[in-house]
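Walk through this model with the structure open beside you.

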Amino acid sequence: LARDYEWIVLCNSDIVVSQFWYPALQATGRSDEIGAVGFKIFGEARRVPIEEFHDCNASFDLRDLAWHDDIHMSGCFLAVRASCFASLGGFDEAYKMYAEEHDFLSRARLAGWRTVRCNAPIYHVSELASRKVPLLTSYFAIRNNMRVLIKLGPRRVWSAPRYAVRVLRYMVDPSRTVDLVDSCRRREKPTDHLLTNLNIWLR
């Protein structure tokens, strides 16, 4: 951050950007109080055919650009104001995988920054690499969500235990099968093997 950058753009290797992303960022992030700008992500939680992105991109018009305050935005393509990033000390490196953007955006909001999502489209392949190691991704997803709740929700002492109980019920419910489309659900139940799931939950 030694140079005078205004924005830092966090970008996964498995995304396809729209030609509208930078004009959308300029318009959305015009106010100095905005610390982070997210986008309309196709494939944010579920696998989506890329044709849906292309159709949206073809019909998108900057005159229809809109945005709203949001704290639950994917870090696969996220623009962060450089001064916001520096003031918060960047990401908490303890997360390693998953939830680091939720932690960062939560800290940004607590520090007085606005975090907004615009409707300019971005395509995310979704789990291009992580689907190859489903047990590891499940472990990190559950652990890191717990970390966010414990670290940033001290006034809501029951939020982390409630989350843990909800995940446990989902893991042991035989009527719920492994979801091959919704990656968030699959991380909460990566296999149909009870003992494997319980081992991940206990860790």
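Which residues do ring pairs link into a cluster? They are Trp21, Tyr22, Phe39 and Phe77. Keep in mind that this is a predicted model. The structure holds ten aromatic pairs. In one of them, the ring centres of tryptophan 21 and tyrosine 22 lie 5.5 Å apart, with the planes at 65°. Planes over 60 degrees apart count as edge-to-face, so this pair is edge-to-face. Tryptophan 21 also pairs with phenylalanine 77: the centres are 5.5 Å apart and the planes stand at 85°, so this pair too is edge-to-face.

Tryptophan 21 is partly exposed at 22%. Tyrosine 22 is partly exposed as well, at 43%.

Other rings meet charges. The charged end of arginine 147 sits over the ring of tyrosine 95, 5.2 Å from the ring's centre. Arginine 203 lies over the face of tyrosine 139, at 4.5 Å from the ring centre.

Tyrosine 139 leads on to isoleucine 200. Their C-alpha atoms are separated by 5.6 Å, though the two residues are 61 apart along the chain. Isoleucine 200 belongs to helix α8 (residues 194–202). At 9% relative accessibility, isoleucine 200 counts as buried. Leaving aside residues up to four places away in sequence, isoleucine 200 touches Leu135, Ser138, Tyr139, Ile142, Met171 and Pro190.

Now turn to the pockets. The largest pocket has a volume of about 1,200 Å³. Its lining takes in 40 residues, and Tyr98, Ala99, Glu101, Cys184 and Arg187 lie nearest its centre. At least two lining residues come from each of α4 (100–110), β6 (114–124), α5 (134–152), α6 (159–172) and α7 (183–188). By class, the lining of the largest pocket has 17 nonpolar, twelve polar and eleven charged residues.

The second largest pocket has a volume of about 200 Å³. Among the residues that line it are Ile71, His102, Arg109, Val148 and Arg156. The elements that give two or more residues to this lining are α4 and α5. Helix α4 gives the most, with four residues. Five residues of the lining of the second largest pocket are nonpolar, three polar and two charged.

Technical notes
Residues are numbered from 1 along each chain as its sequence is written. This is a predicted model: local features need pLDDT of at least 70, side-chain atom pairs count only at pLDDT 80 or more; totals for chains, interfaces and linings use all residues. Side-chain values use heavy atoms; hydrogens and water are left out. On a 1 Å grid over the protein atoms alone, a cavity is a set of points where a 1.4 Å probe fits but cannot get out, and a pocket is an open set with protein on both sides within 12 Å along at least five of seven lines; lining residues have an atom within 4 Å of a point. Grid points are joined across faces, edges and corners, and a volume is the space filled by probe spheres set on the points. Ala, Val, Leu, Ile, Met, Phe, Trp, Tyr, Cys and Pro count as nonpolar, Asp, Glu, Lys and Arg as charged, and the others, Gly among them, as polar. Buried means under 20% relative accessible area, exposed over 50%, partly exposed in between (1.4 Å probe, protein chains only). Contact means heavy atoms within 4.5 Å. Rings of Phe, Tyr and Trp (its six-membered ring) pair if their centres lie within 6.5 Å; planes under 30 degrees apart count as stacked, over 60 as edge-to-face and the rest as tilted. A charge sits over a ring if NZ of Lys or CZ of Arg is within 6 Å of the ring centre and within 35 degrees of the ring normal.
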